[in-house]
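Thanks for making time this morning.

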Amino acid sequence: MTATSHNSSDPNENVVIQVEDDRTGMSPQTLKRAMLDHLKFTRSKNLTSATLLDTFFALAHTARDRLVNRWMKTQQDYQEKDPKRIYYLSAEFLLGRFLANNLISLDLYDVASEGVKEYGIELADLLEQETDPGLGNGGLGRLAACFLDSMATLELPGYGYGIRYEFGIFKQESIEGWQVERPDAWLRYGNPWEIARPEYTVPVHFGGRVIESTDDEGRHKMSWVDTHDLLGVPYDYPIAGYGNNTVNTLRLWSARASEEFDLQVFNDGDYRRAVEEKALSESISKVLYPQDDSEAGKELRLKQQYFFVACSIHDILRRYQKKHDTFDAFPDKAAIQLNDTHPAIAVAELMRILIDREGLGWDQAWAICQRTLAYTNHTLLPEALEKWPLYLFERMLPRHLQIIYEINHRFLKQVHVFAPGDDALKQRLSIIEEGQQQQIRMAHLAVVGAHSVNGVAELHTSLVRSHLLRDFAEMWPERFNNKTNGVTPRRWLLQCNRGLAQAITDRIGDRWITNLGELVALDAYAEDAQLAAELQTIKQANKNRLAAIIAERNGVSVNPESMFDVQVKRIHEYKRQLMNCLHAIVLYRRLKLGGETITPRTIIFGGKAAPGYVTAKKHIKLINDVADIINGDPVAHGKLNCVFLPNYSVSLAERIIPAADLSEQISMAGKEASGTGNMKFQMNGALTIGTLDGANIEIREEVGADNFFLFGLDAPQVRQRQAQGYDPSELIEQNGTLRGAIEMLESGFFSPDQPERFRDVADYLREHDPYLICADFEAYVACQEQAAQAYADPARWATMVVHNIAHAGKFSSDRTIKQYADEIWNVKPLHIEVDPYVPPT
């Protein structure tokens, strides 16, 4: 804004005074003025009456204002220049809090921190007011969020598409040590970042029937009629790139009834039935991953998947058709990435739209579909490859079932040509699984309908090729490729560990923030005593902060100078939290029964078990009961603690990971696709104890064998042991350490109120042990001792830490996304220039 003096006696009559616009200005004075403005006009408060939540909203809107101009310019340039865009479809986006991340992207974090201090407010307290968006369950959703960050930072034209779950993943509480799920009402106070876009609402159809007809030109036509309809309403979130003007869009869909309620029925007095249709329709976007062990649960999950895919495909085509009259160029303007099998129905939906609505022939539509779609596999667990009962498709998506039948029919002809007479191969590859109940194999649909199928770590991709999808890989070897996962260093180092980030920048500059490979320059400081001392000071501050959180949430006082031994991730048997818990018992037995000296250690667990996963929930109870006994025994005071931090989330991870000394990545080899927590711990200076599984292999290759605590069977040895006939009871009898820990469980020592409580856990280990805990346990305990000895030597430990941080460069999601862009999507960066904002006059 400008102001000019018009007083003729004024000697500065012609001086133009420049005043930054309150919506876009970046100076400290303008930022403070804008925040106070939002406090008054957005929250109707002043500094005297405002709560911390009010002030958070005011600051968040102030930051959002500064994104909006860039956001609009980004979308305008995409529209005018029409670059090829990437559309990332994911059922999960575990985003984390926005405010700190956006302030960092805008280079306003320190300005905001100093500004609010003038009003007696700590920025850290404001950041705690923001609720974590509960839009994901674990690594899959967090990876998607990292990818969006990297797309924007690399200036790639990109969009995310998902569901705006009203409640998202559950809030985990611990009641007497048991996991209890509560609704996570993350939207209860509103959300300052989202912008509703009702003008782009999409109708979505279910049920009905398909009728055949012939159009005026004699062409065969299929019509999906008599459907039950609902609406998908989009909500947009800005995804800001770091150090540039790109602001991409995450569009999340919320389900709404096509009619709010039946007024006639309401007036007749049947109030419940009048709103029943609305409630049923809107249940689709109510909760992330409803349990599917019931018929209604299966139907709801399939509806969720089709709902967000249908909305997203419609939106992608709408955007394309603004500039194009035919679909000839569609694969050159759109790349659609399917993040696991949840959006795999996109294959059939895109075909339906192209054939039924746009009138394309099958061959043209199929060529477009295959050139446009790509599929990422995220699991080696066969049970996690989604299959849907065929009758559900018949009832809910009858036209899609017809299309899938036709895709399968044509595909099996290709299989016949590839391997004439091999009916067994056809049966293995068919999209339709025969059996007592026919099912649609969604992973097969994705592989057949995509031009690229990628794994997420070198071992994972190798096992996808050789075992999980071997027949497909033999038929189409060129279709399969690896894209090792990565994480964004902006959130997982620059934001969550600002002390470490500054120590790095002081030595090698700040280019590592957008080029993580620059960290390799730290190798020159591996023996530097000054850096070692500074890293120790930073780590201790982070541990003190986490110790305070543990005291507040768990009521447990831990020794902040002990080794923080951390395993935080989704609770699953293959991740072997049970093995870690058994090691805690071993250490406790040494103190309790042997009077041995151990390296002081605090063992920290966190993670959620699926609500229907009884075994995983039992393991949480076991960890909590073991922790109660250890933490309450004076013999362990200051030497050993064990805690389970409930309600693990992105924001809690941002506190735990910078404080960790030892990172537990101990899954049975051949089960973890990649893991990304291992990468976050590494770049924050934690050392890894792990198996040769997932991305652990590549981390070890990068940091060197001397800087990684390796134990256990590798994937071929696991398969060999299982094939030979595995008897865990024999191993238990041979290993007195393991036997003693299991007998302590069986005795009821950790559950005196119910001595039989963990007898089934012991029986599970003796009789089954499907994830080979007993086979790996002796090596695990020995490796833990090696880690303890290294920790007791601060100079050695510091050198190992520096080597780990210095070789984290490969594990940036920027590297991963660049590989996707170059090798799968063929999407190029588009630089966004933003002119200074001129307010309308």
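Let me begin with Arg352 and Glu349, which form a salt bridge whose closest N and O atoms are 3.1 Å apart; the term is used here for a side-chain nitrogen of Lys or Arg within 4 Å of a carboxyl oxygen of Asp or Glu. Both residues lie in helix 11 (residues 346–357), three residues apart, which is about one turn of the helix, where helices are DSSP runs of H or I of at least four residues, numbered from the N terminus. Arg352 and Glu349 are both buried, and on this scale buried is under 20% relative accessible area, exposed is over 50%, and partly exposed is in between, with a 1.4 Å probe and protein chains only.

A word on provenance: this is a predicted model, in which local features need pLDDT of at least 70 and side-chain atom pairs count only at pLDDT 80 or more, while totals for chains, interfaces and linings use all residues. Residues are numbered from 1 along each chain as its sequence is written, and side-chain values use heavy atoms, with hydrogens and water left out.

Under the salt-bridge rule the count comes to 60. One of these joins Asp54 to Arg43, at 3.0 Å from N to O. Because Asp54 sits in helix 2 (residues 52–81) and Arg43 in the loop between helix 1 (28–41) and helix 2, the pair ties together parts that are eleven residues apart in sequence. Asp54 is buried, at 4% relative accessibility, whereas Arg43 is partly exposed, at 26%.

Another salt bridge reaches between distant parts of the chain: Arg498 pairs with Asp110 at 3.4 Å between the closest N and O atoms, and with Arg498 in helix 20 (residues 498–508) and Asp110 in helix 4 (residues 109–117), the partners are 388 residues apart. Arg498 is partly exposed at 29%, and Asp110 is exposed at 51%.

There is also a salt-bridge network, which links Arg197, Asp236, Arg251, Asp315, Arg318 and Arg319.

Which residues make the contact of helix 1 with helix 2? From helix 1 they are Thr30, Leu31, Ala34, Met35, His38 and Leu39, and from helix 2 they are Asp54, Thr55, Ala58, Leu59, His61, Thr62, Asp65 and Arg66, with contact taken as heavy atoms within 4.5 Å.

Technical notes. Helix = DSSP H or I, 4+ residues; strand = E, 2+ residues; numbered from the N terminus.
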